[in-house]
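Subject: Handover of a structure with notes

Dear colleague,

Please find the structure below, followed by an account of what was found in it. I would be grateful if you would read the notes with the structure open.

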Amino acid sequence: MLSQTLSASLLGVDGVLVRVEVDVAFGLPGLTIVGLAGSAVQEARERVRSALRNSGFELPARRITVNLSPADLPKEGTAFDLAIAVGVLSASNQLRAEDPSTALIAELALDGRLQPIAGAMALVAAAREAGVADVVVAVGNAAEAAAVRGIRVRPAATLGLVVRHLAGLDELSPAGPTPLPEPEPAHDLPDLGDVIGQPLGRRALEIALAGRHHLALCGPPGVGKTLLLQCAPGLDPPLEEDEAIEVGRIYSAAGLVDRRKPLVRARPFRAPHHTVSKEALVGGGPRVRPGEASLAHRGVLFLDETLQFRADALDALRQPLDSGSVTIARVEGALSLPARFLLLAAFNPCPCGWLGTRGDACRCDPASARRYAARLSGPLRDRLDLFVRMEAPRGADGGDGAEPSRLVAGRVAAALQRQRERQASVNAELPLGAPELDAALTARGRATLQARARRFRLSPRRVQRTLRVAQTIADLAGSGSIDADHLDEALHYRPERAAA
Amino acid sequence: MIGVGPHGPVGNADPVEAPATVAAGSAGRRPAPVMRLSSASGWNGFELDGLDVERERPFWLTLGLVPGVGPVGFGRLLARFGSAEAAWKAGEEALAVLPRSVPEAAVVLRRLRGTGPEAVARQMSRAAAQVGARAITALDPDYPPPLARLDPRPPVLYVAGEAATLAGFGVAVVGTRRPSGYGRSCAIEIADELGRAGVVVISGLALGIDGEAHRAAVAAGGRSVAVLPAPIDRIYPPRHRSLARRLVAGGGALVTELAPGQPVGRPDFARRNRIIAGLAAATVVVEAPDRSGALLTASAAVDQGRDLYAVPGPIDAAASRGCNRLIADQLATLVTSVPALLQQLGAARGVQRPTIKVLSETEGIVLYALLRRSGSIEELMSRTRLPTGALASALTLLESRGLATSYGGATFHPTLAARRLGPHA
């Protein structure tokens, strides 16, 4: 007898619907799983065998073949257990399913209980995309699965209950949709009010967050680069619902989600250590897992001591900085992970940290200082929008600098709101030569931009990026057009300064 | 005891009074002189006039290749044997009079004797000519007069470019390889003014202050001389190769004591610095931390009785500690301003105020604040009471008009053009 059930497999952070075909035939008794099944899938044989027996069913002493289709897609993980078990029951006539189009996504324990799996949000979403109306998941995955809208999620505790549901005896009641939580006021975050001085750094951080422009701070140790950038989470507006679901899917796939509260409103803030490998930073490895770049999706990727990161890791960031996603090439084909983050970078100007600062002079050999600065490779520097050279404040003159995070966060949110009302994306993600930007540019602004491009020998890419930053500065000022002053301020933060 | 102070060919215009001698207490903290004056060096009172230039020339070029034969050793050879030719003929016996015995000297001498001095000299001249240079001995009429006053003087110089520039009135502008924005700004302003005034700017082509000084002098249409710590066919540092070319193209010159193709060893900074100080009527140390090579040039200038000036820096700046100490020890005259320095050097010239497009009120305020004192955005904010954004924007405009620069640091400085506008632009 032949049967077919539905499950899903994780590919990066996306799910793929998988048909589980089970054939029970005469022959030497045994259970074979084909369809590029990885080792965790192969072990499903033992889990299914025990779970069936301990749930009061039996594994027929026949030759059983399980095919996971599409068969050319490598499959990993334990999400197929339930679908295989139910498939075996159907194929051996122990169950006549009322509705074979329910997706079954759960791992089995030996006693027949359903266990939660990683990536439930992505898998359930894949089922929904494929037109599946019902999905059964382990109770532990219920909140994650129900965060996906447009599909009935039926949490179940045991294999026995799933069989009763499928047989039309006792319906598993659907879970209510997981609500989007209210934004929680963040506490024990550093506040801008605690940062001494650094008006330029504050201003640049505000612009960076208000338009999602990549920012780098350069300065000697102890001037507050790290503290300033750590204030970013307290300034970032909460995630919108669609964003929260996108982020939730990534964290679900990475196994980093709080299973009871899969949706969060706080924007991600990822601060990997500088020893991080390329794979851990952008994703990859034998089983593709999202890297820090994807975990920072819709949030902030903070690279403290940026120039100490491995060169190949920094290089790998170029693609997500350009396209908002990471493409990982595999023998079986390329796979794409979302990675639309705001890069906040902080580094010292030279190995000892004191190059070009007032007072205490640098003790590095000029050649080694140069090599160090060259690590901010041209291609990476080109993709930065804002660069600020910081120096220790002289004296304790705070001025208007002690502005608390609350006030700045208000301006950031207002500027982002202006962008949402005007256009489809934030300023930093406007396409090159976007008509919105061109329309907003005043005649004086256009002349200024052309003159500065010649004077500072700006690349066409820099001109476009400057225009986007200037748009954000105009948004912060509540101005409807981009004028010369906005452009001049934007150019003050041009990353080409880092080369001098 | 070494007499210092603004005497000599320059410094005639209202010099700052410096004591004629240095107190014993402060002399102990002074950097050690590069090379001690010694009446036994053989050059003092030795008459070169009696020697036949053409006949001697090959022997001068060849003897200079023997390890251990530096300016001092060469002088001793002349004093002992009467001519380079006679010293050459004496063979290995001549090595005994050298100030220090180098084991390889005998081997090298034997090899050179095998080739013959004429062939060696031809080789040297050809190698020099390949990079547009030639050899000038102390016997040649175009040997730079300032160096002829040195004792001991370098017997052979290799010069690329205009040798006559070496005879001109020159001022050395030297300093650290790791300057601050302030140091760069001062070096540029001083070298620019000297270049405009027709004074030859002499330096060592090193990274940092030296490079800025050469660049600014050439940019101002002036002439500049670079004294190299390496052979003429090996421009050191390599990153300044194009600067060296521009220098020569602008009527300047490259000079070195080291013969072409000499073994590539450590660049000889001490000998280089002695020539820098020797070529210059006065030396200006722009920015130098403790133990800077520029301090060697300074002490060579003092030893040679040339005028020494130092640009003061903040007392908390390690980069200026050497300069400040030169001033404190009364070895150098304090530079109060660039116009005053030019006056003291006797190179002052009429001030021309360039015209500039009108600045807005905000930009005028920022420029005025910058001209009073360089500063970071934060300092300028507290002085101008302008908001961050407006200040950042105004600075970009000033930068684009060439009136302000940050040299890649956090501190903004007014440029030369801005200073010439005067404080009431």
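Two strands are taken to pair if DSSP finds at least two bridges between them. Helices (H or I, at least four residues) and strands (E, at least two) are DSSP runs, numbered from the N terminus. With these terms in place, B:Gly375 stands opposite B:Phe412 in β12(B).

The conventions are as follows. This is a predicted model, in which local features need pLDDT of at least 70 and side-chain atom pairs count only at pLDDT 80 or more, while totals for chains, interfaces and linings use all residues. Residues are numbered from 1 along each chain as its sequence is written, chains are lettered from A and ligands numbered from 1 in the order in which they are written, and side-chain values use heavy atoms, with hydrogens and water left out.

Sheets of chain B

The residue pair named above belongs to the pairing of β10(B) with strand β12 (residues 411–414) of chain B, which run antiparallel and are joined by two bridges. These strands are part of an open sheet of three strands in chain B, ordered β10-β12-β11, with antiparallel pairing. β10 (375–376) and β11 (404–405) of chain B are at the edges with a single partner strand each, so one side of each has no neighbour in the sheet.

Elsewhere in chain B, strand β3 (residues 170–174) has five of its five residues buried, so it is largely enclosed by the rest of the structure. Here buried means under 20% relative accessible area, exposed means over 50%, and partly exposed lies in between (1.4 Å probe, protein chains only). Burial extends to both faces of β3(B), with B:Gly170, B:Ala172 and B:Val174 on one side and B:Val171 and B:Val173 on the other. β3(B) runs parallel to strand β4 (residues 200–203) of chain B, and three bridges join them; in this pairing B:Gly170 stands opposite B:Val200.

Chain B overall, and two buried residues

Chain B contains 18 helices and twelve strands, and 59% of its 425 residues count as buried. Among its contacts (heavy atoms within 4.5 Å) between residues at least 6 apart in sequence, 72% join residues at least 24 apart.

B:Ile232 lies in the loop between β5 (224–227) and α10 (241–249) of chain B, and is buried with a relative accessible area of 3%. Which residues is B:Ile232 in contact with, leaving aside its neighbours within four places in sequence? They include B:Val131, B:Tyr158, B:Ala160, B:Leu254 and B:Pro260. B:Ile232 and B:Ala127 are 105 residues apart in sequence, with their C-alpha atoms 9.3 Å apart in space.

B:Glu379, in helix α16 (residues 377–384) of chain B, is also buried, at a relative accessible area of 11%. A polar atom of the B:Glu379 side chain lies 3.0 Å from the backbone nitrogen of B:Ser376.

Sheets of chain A

In chain A, strand β2 (residues 14–25) and strand β4 (residues 63–69) pair in the antiparallel sense over seven bridges, with A:Glu21 opposite A:Asn67. Strand β3 (residues 30–34) of chain A pairs with β4(A) in the parallel sense over five bridges, and A:Gly30 stands opposite A:Arg63.

A further open sheet in chain A has five strands in the order β11-β12-β15-β10-β16, with parallel pairing. β11 (269–270) and β16 (386–389) of chain A form its edges, each with a single partner strand, so one side of each is left without a neighbour in the sheet. Two bridges join β11(A) to strand β12 (residues 300–304) of chain A, where A:Phe269 has A:Val300 as its bridge partner.

The interface

Chain A brings 35 residues to the contact and chain B brings 31 residues. The buried area (accessible area, 1.4 Å probe, that two parts lose on being put together, summed over both) is about 2,700 Å² between chain A and chain B, with carbon and sulfur atoms giving 53%. A:Pro199, A:Pro366 and A:His492 supply 18% of the area that chain A buries against chain B, more than any other three residues.

Three salt bridges (a side-chain nitrogen of Lys or Arg within 4 Å of a carboxyl oxygen of Asp or Glu) are found across the interface of chain A and chain B. In one salt bridge, the side chains of A:Asp365 and B:Arg177 meet at 3.9 Å, N to O.

Yours sincerely

Note on methods. A polar contact is a pair of N or O atoms within 3.5 Å; within protein, one must be able to donate a hydrogen and the other to accept it, and residues adjacent in sequence count only if both atoms are side-chain atoms.
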